[in-house]
Amino acid sequence: MAESNHIVRCAACAVSLLAALPAAAADTRLSAPGAPDGLREALLASALSLEAARAPDSTAQDILAAARADYARLIGALYAQGYYAPVIHIRVDGREAADISALSAPDRIGRVEIVVEPGRPYAFSEARIGPVAPDTDLPGGFVPGAPARSTTISRAAKAGIDGWRAAGHAKARVTDQRITAHHPSATLAARLDLAPGPPVVFGDLVIEGPSAVRPGRLRAIAGLPTGDRFDPEALERSAERLRRSGAFRSVSLAEAETLGPGGGMDIALTVSDDQPRRIGFGAELSSLEGVALSAFWMHRNLLGGAERLRFDAEIGGIGGTESGGQDYTLSVRFDRPAVIGPDTGFYALAAIERLDEPDFREDTGRFGVGLTHVFSDRLSGAAALTFSYSDVRDDLGSRSMSHAMLPVSLTWDDRDSALNSRSGSYLDLGVTPLFAAGGDAESGAHVTADARLYREFGDRVVLAGRMQFGSVLGAGADGVPPAMLFFSGGGGSVRGQPYESLAVELPGGARIGGRSFVGLSAEARIALRGKFGLVAFADAGFVGPDSWVGDGDWHSGAGLGLRYDTGIGPIRVDIAAPVSGNTGDGVQIYIGIGQAF
């Protein structure tokens with residue numbers, strides 16, 4: 001008897017354990033007779049019960065709850081496509097999910113089937129919204145005879161409100177909407193009434209919540225145009241200026257619910273300060289150039305006004321076989337935003353550098369001050385006054401030189417990502433007048449350009465192109481620091497060719513940098529499965545002795561690369577070999593973070 005009771009208890013425990021285990025994945029099916037492919041895909045994306053039924057860890061209660069909620073989700077997907085008379089069945093083991101009480105859910109579910117009869121697509125018999133502000137851009141599909149999608153109605157309402165807000169009526173709203181379906185004719189009449197509200201001007205910037213940045217500096221950086229007509233783009237520019245300062249983890253600008261005297265609307269600012277200090281490291285590897293290591297330390301809010309202080313250190317050429325020796329750079333830069341209006345910042349910099357390159361050795365110290373200006377979200381510029389002293393040894397001999405410089409640059413950048421661009425363009429133009437200030441220095445100018453273009457083809461292919469140009473005008477090759485002359489070869493110019501292997505050849509085998517340079521690069525980036533990608537690339541470079549492209553030499557290289565997307569930027573591994581020119585042979589390997597350009 002005791003043994004019998006023991007067996008019963010074991011059996012009961014086994015049943016309890018089995019009941020506690022997750023249910024096996026159920027069979028699933030969705031059918032939508034007559035539905036076009038786009039509608040079927042939308043229905044599948046909305047049917048969460050199918051996803052729950054396929055998950056082995058879902059319980060019967062989970063599947064039933066998802067099925068009962070799917071009626072509303074499927075109707076929303078049908079309305080979004082313009083179907084307003086559907087018939088929907090969601091059957092759980094043959095029973096309509098809506099008829100199953102949540103209190104009497106089955107212990108197990110073996111099959112979930114969804115059948116949707118979408119009916120006829122509806123068209124607009126009437127599509128009216130008003131009054132609308134001048135220059136309002138209504139969706140093109142909001143017209144009689146067009147498919148009556150609910151998303152088109154929502155976009156029309158938003159466009160109407162946005163039009164009035166752009167005209168200075170910040171409190172525009174929809175006051176009435178009358179949407180009537182006529183089932184016999186499969187048509188939909190949509191009538192939306194708007195109330196523009198009074199014209200609005202910007203009021204005060206009201207700072208809410210604590211911040212280590214002083215209130216006066218917050219207002220200066222935001223640059224809210226108090227007293228001017230309300231403009232949503234101006235409001236977004238204020239938020240972007242605060243984000244651009246780098247001092248905040250998040251920025252929120254909220255419009256006041258009520259207006260003040262004269263239609264003034266206060267704006268509430270809430271910021272979340274980022275960590276005041278940050279440290280970072282980087283590394284790159286080339287089979288011939290060796291390892292380059294970099295590190296930085298930064299303070300985001302040095303004096304309580306979102307000032308940034310940053311120290312950078314870099315060592316390059318570690319273990320390189322053809323990079324000369326090791327290069328060292330130590331620099332410091334101080335930035336203060338909003339010194340002349342909200343879009344102009346001030347910076348000061350100082351740096352010391354030793355470059356031990358294959359064809360020269362240069363010790364340089366420089367310092368300077370400058371201004372930066374943001375013209376738009378795509379265009380920015382900078383101008384500075386810097387002083388530089390260089391001690392040089394190359395095939396032209398040993399010499400020292402001092403220069404005063406006035407570097408001016410403009411940058412256009414509408415890329416979708418700086419580290420892994422898929423679309424857009426980039427253009428950086430720089431002109432630096434040089435004024436001899438001592439030693440063997442000569443006056444002249446240093447000109448550079450860097451243009452890049454990116455185009456997507458489908459979801460998996462990106463074509464990228466780059467053209468670089470450089471020139472030294474007025475000064476001779478012996479009158480400017482060698483680092484301002486041009487070489488070609490290596491990871492930054494022509495992959496597959498040794499580092500700085502293309503230069504200007506002088507009698508007796510001497511070599512110096514050129515006064516003109518052209519670089520061309522092309523890549524085909526192909527996404528593979530998961531986070532991996534393949535890149536085929538070709539690079540070419542020209543270096544000449546004159547200021548403009550004329551006499552000189554070309555070389556080129558090509559290869560294949562592998563990319564692994566980390567979410568921040570891809571890890572890059574490139575293998576390349578020479579194609580033309582007599583500057584190198586063999587295979588080279590490059591490893592880094594981010595695309596090559």
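Q: Where is D414 found in this predicted model?
A: D414 lies in the loop that links β19 (408-413) to β20 (424-439).

Q: What does D414 touch, leaving aside its neighbours within four places in sequence?
A: The partners of D414 are R378, S423, G424 and S425.

Q: How does V200 compare: where is V200 found, and is it buried or exposed?
A: V200 is also a loop residue, placed between β7 (187-195) and β8 (201-208). Buried means under 20% relative accessible area. The value for V200 is 0%, so V200 is buried.

Q: Which residues does V200 touch, not counting residues up to four places away in sequence?
A: V200 is in contact with G168, A170, R229, F230, L259, G263 and M265. For a distance, take V200 and D231: they are 31 residues apart in sequence, and their C-alpha atoms are 9.0 Å apart in space.

Q: Which strand holds S388, and is S388 buried or exposed?
A: S388 sits in β17, which covers residues 379-394. Its relative accessibility is 8%, so S388 counts as buried. Beyond residues up to four places away in sequence, S388 touches T364, G365, R366, M401, S402, H403 and M405.

Q: How is the packing of two helices described?
A: Two numbers are used: the angle between the helix axes and the distance between those axes. Here, α2 (residues 37-46) and α4 (residues 60-80) pack at about 155 degrees, with axes 9 Å apart. Angles over 145 degrees count as roughly antiparallel, so α2 and α4 are roughly antiparallel to each other. Their crossing is right-handed.

Q: Which residues of α2 and α4 meet?
A: From α2 there are L39, A42, L43 and S46, and from α4 there are D70, R73, L74, A77 and L78. By class, this contact has six nonpolar, one polar and two charged residues.

Q: What is the angle between α6 and α7, and what is it called?
A: Helix α6 (residues 215-222) and helix α7 (residues 232-244) pack at about 120 degrees, with axes 8 Å apart. The pair is therefore called oblique. L218, I221 and A222 of α6 meet S238, R241 and L242 of α7. This contact divides into four nonpolar residues, one polar and one charged.

Q: What tends to happen to nonpolar side chains?
A: In soluble globular proteins they tend to be buried together. In this model the largest nonpolar core has 29 residues, and L43, I90 and I114 have the most contacts inside it. At least two residues of this core come from each of α2, α3 (48-54), α4, β2 (87-92) and β4 (111-117). Helix α4 gives the most, with nine residues.

Q: What does I90 touch, not counting residues up to four places away in sequence?
A: I90 touches A67, D70, Y71, L74, R95, E96, A97, E113 and I114. A second, separate core has 24 residues, including A170, L224, V251 and M265. Of these, A170 and M265 are also touched by V200.

Conventions
Residues are numbered from 1 along each chain as its sequence is written. This is a predicted model: local features need pLDDT of at least 70, side-chain atom pairs count only at pLDDT 80 or more; totals for chains, interfaces and linings use all residues. Side-chain values use heavy atoms; hydrogens and water are left out. Axes are lines fitted to C-alpha atoms, for helices over the stretch in contact, and angles run from 0 to 180 degrees between N-to-C directions. Helices (H or I, at least four residues) and strands (E, at least two) are DSSP runs, numbered from the N terminus. Angles under 35 degrees count as roughly parallel, over 145 as roughly antiparallel, 65 to 115 as roughly perpendicular and the rest as oblique. A crossing is left-handed if the near helix is turned anticlockwise from the far one by less than a right angle, and right-handed if clockwise. Contact means heavy atoms within 4.5 Å. Ala, Val, Leu, Ile, Met, Phe, Trp, Tyr, Cys and Pro count as nonpolar, Asp, Glu, Lys and Arg as charged, and the others, Gly among them, as polar. A nonpolar core is a set of buried Ala, Val, Leu, Ile, Met, Phe, Trp, Tyr and Cys residues joined through side-chain atoms within 4.5 Å. Buried means under 20% relative accessible area, exposed over 50%, partly exposed in between (1.4 Å probe, protein chains only).
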